[in-house]
Amino acid sequence: MARHGAAIAACGNVSGGGYVMTEENTERQARSLAGKVALVTGSAKRLGKAVALRLAEEGADLVIHHGNSHADAMETVAEIEKLGRRGLALSADLRNVDEIRRLFVEVAKGFGRLDILVNSAANFLPASIVSTTEEIWDASLDTNLKAGFFCAQAAAPLLRRTKGTIVNFADVGGLMGWPGYIPHSISKAGVVMLTKVLAKALAPEVRVNAIAPGTITMPGDPPEWEADFVKLAPLGRTGAPSDIADAVSYLVHAEFMTGHTLVFDGGRSLGPAKGEFR
């Protein structure tokens, strides 16, 4: 990850498995994406916002995409501007290909370039073999999978010019298969394959990778979620938004990596029970 890029001698004091950033290393991180432009879909709040702020901290200017969360998007832009970066809030319905194309035209007009696309916008709709309707199916596949492809298609000319990168959001449901979330699991499994085919189609100019978060809790989430996730994760704890921001930062900087999906779930996808880990 970008914050781990310095030599050991520059890392400062080590304690509790972490380290203290030196002033030199912190400054280097803040400059690492200077002059670059990133678009993070669904970044007005939650994980998308955490990712957007991390990229701004590393020096990038940000396009904050949102659907209907204009007030939240403007709040995020204000936080980005406090970091000394430029921010632009743009709305688009990612289920509509024409709106996706308009979004990237506006990015080109506003910034003249694009270096990083993070496809984080998603929904999470419960639907079993009995309760899945055509409406739920289409809503899951259109938002979670179709949108990522057409965002990549629209972004490709800009990203090729800058030798940029795409980071897609899958999740562990796409790897494990959740019978209570069938369309969601299928859509996220599709993101894993989408990442592979885009990596081949856009190489060598553009790198494409994905992350698969799981057992991540956010401020304001119900406490029972955390308790449940702790039981599911062999590491015995939940992940935080900063863990996901770290992962995206790593993939943005990993110049010899493409077509891969990194799993961040505290070991959840290894199996269901602690007793199996001996």
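Q: Which residues lie nearest the centre of the second largest pocket?
A: K36, K163, R207, V252 and E255 do, out of 15 lining residues. A pocket here is an open set of points on a 1 Å grid over the protein atoms alone, where a 1.4 Å probe fits, with protein on both sides within 12 Å along at least five of seven lines, and lining residues have an atom within 4 Å of a point.

Q: What sort of model is this?
A: A predicted one, where local features need pLDDT of at least 70 and side-chain atom pairs pLDDT 80 or more, while totals for chains, interfaces and linings use all residues. Residues are numbered from 1 along each chain as its sequence is written, and side-chain values use heavy atoms, without hydrogens and water.

Q: What volume does that second largest pocket have?
A: About 270 Å³, counted as the space filled by probe spheres set on the points, which are joined across faces, edges and corners.

Q: How does its lining divide by class?
A: Into 4 nonpolar, 5 polar and 6 charged residues; Ala, Val, Leu, Ile, Met, Phe, Trp, Tyr, Cys and Pro count as nonpolar, Asp, Glu, Lys and Arg as charged, the others, Gly among them, as polar.

Q: And the largest pocket, how much space lies in it?
A: About 1,300 Å³. It has 40 lining residues, with R46, S120, A122, N123 and F124 closest to the centre.

Q: Which classes line the largest pocket?
A: There are 16 nonpolar, 15 polar and 9 charged residues. Helix 2 (46-57), strand 4 (61-66), helix 7 (182-202) and helix 8 (223-232) each supply at least two residues of that lining; helices (H or I, at least four residues) and strands (E, at least two) are DSSP runs numbered from the N terminus.

Q: Other topic: where does V263 lie?
A: In strand 9, residues 261-264.
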